[in-house]
Amino acid sequence: SATVTSSGTVWPLTGIQNRVAGTGVTVQYAEGRDAAGITAATDLARSSDVAIVFASNNYGNEGSDQTTLDLPGTQNQLIASVAAANPRTIVVLHTNSATTMPWLDQVAGVFEGFYSGQQVGTAIAGLLFGDVNPSGKLPVSFPRSLADVPANTPAQWPGTSDGVQYSEGLKVGYRWYDAQNIAPLYPFGFGLSYTTFGFGNLKVGALAGNQATVTVTVTNTGTRAGTEVVQLYTGAPAATGEPVRQLKGFQRVTLAAGAAQTLSFTVTARDLAYWNTAANGWVTAASTYQIAVGNPSRNLPVTGTLTVPTTLAVPATPTDAPGSTTAAAPTGTVSVANPHGMTSRAGAKVSWTFAPAAAGMTYRVADLPAGLSMSPSGVITGTAGTRGTSTVTVTATAPGGEAGSATFVWTVT
């Protein structure tokens, strides 16, 4: 929506050159924008140990819809040509959403960078060289072609003279691919790491007080530390008309190689409810519901069931009201502002007030990066010395004893 000129942008070429400085590694660059450029890039790839191709779509376009999921111009041709010359080709994408990858089977790996910011060069170099273990997950499904997406008819997009049809109903995103049994190129929630994770020991508690507790053990089965985003999906009985499965919870966990941790999820009657038009309200049907846990939506290796013995009328929440944007905190709790991520530099001093407007609160924190601490008033200070990510939980307690918490990721670069 505006133009910003950064004073500290690190471009990918610069970031990679900085990373290998002093190691004897040579980094060369070819533009690859036209036929002559593709030839030059291909020749360079053929004589190199590793080829890295950066590609993007028109992610700055906010004024109109995209007419295709393909990379614009000759970028697909460039990638295919470079990969044919060097099997150790890595593609780094910077796109605004899903894109097709006709060359996928030819390349050694793909990074999806989306909007990477002014430190893109430093960030991607750290990922490519393994200084940082990737842990991001796709927020959308990547289809194999435009014909596979939920809105795949002219009546749905761009619409006809009669308007636009939203005939996909509840089958939005990953729900569509599940319902139609379409295998996406990459499913919602997908994201690889330099380590691997296993899931086991799923336990589903009985519904009590309109909620149940689900626990699962996550193990880092690889050889290096890493972070996983554990996802919980529920499956409703077909009679409700709900999608095959729906994401109802996720947690981010960082584990050393070989380490395991048991996570706990709360599944409520509201999570299992559907909108009953006859009753004009949310209803949880008496039935057996599937509970499935894993990483992407198409890899849910541990499953169980949760039984709702009687039909429940679920009270509406503030977010169900038209025009509502926030939910009130339940009795006995306080709302805690979530920063949804923090970043600091290794070796740099930190002094940050968690919630400057929350007077009277007392704070405690768990799992800050080593070298940082939080005072009871909510001020985080110190110096983190080691790069990496930590999943931090801050708990705030009001004078009356009501408490609430917020969990977010702190990254030390």
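**Exercise 1. Find which elements the buried residues of H2 pack against.**

Solution. The buried residues of H2 pack against strand S1 (51-56) and helix H3 (75-85), where contact means heavy atoms within 4.5 Å. Helices (H or I, at least four residues) and strands (E, at least two) are DSSP runs, numbered from the N terminus. The model is predicted: local features need pLDDT of at least 70, side-chain atom pairs count only at pLDDT 80 or more, and totals for chains, interfaces and linings use all residues. Residues are numbered from 1 along each chain as its sequence is written, and side-chain values use heavy atoms, with hydrogens and water left out.

**Exercise 2. State which residues of H2 are buried and how they are arranged around its axis.**

Solution. Step one: take buried as under 20% relative accessible area, exposed as over 50%, and partly exposed as in between (1.4 Å probe, protein chains only). By this rule Gly37, Ile38, Ala41, Thr42, Leu44 and Ala45 are buried in H2.

Step two: look down the axis of H2. The buried residues fall within an arc of 165°, so they line one face of the helix; the arc is that of the directions from the helix axis to the C-beta atoms. An α-helix has 3.6 residues a turn, so residues three or four places apart point the same way.

Step three: turn to the other side of H2, where Ala35, Ala36 and Arg46 are exposed.

**Exercise 3. Trace the pairing of strand S2 (residues 89-94) with S1 and S3.**

Solution. Strands pair if DSSP finds at least two bridges between them. S1 and S2 run parallel and are joined by six bridges; here alanine 55 has leucine 93 in S2 as its bridge partner. S2 also pairs with strand S3 (residues 109-112), in the parallel sense, over four bridges. In this pairing isoleucine 90 has glycine 109 of S3 as its partner. As for cover, five of the six residues of S2 are buried.

**Exercise 4. Describe the surroundings of asparagine 295.**

Solution. First locate the residue: asparagine 295 lies in the loop between strand S11 (287-294) and strand S12 (302-308). Then list its contacts. Leaving out residues up to four places away in sequence, asparagine 295 touches Lys137, Gly189, Phe199, Glu228, Val229 and Gln231.
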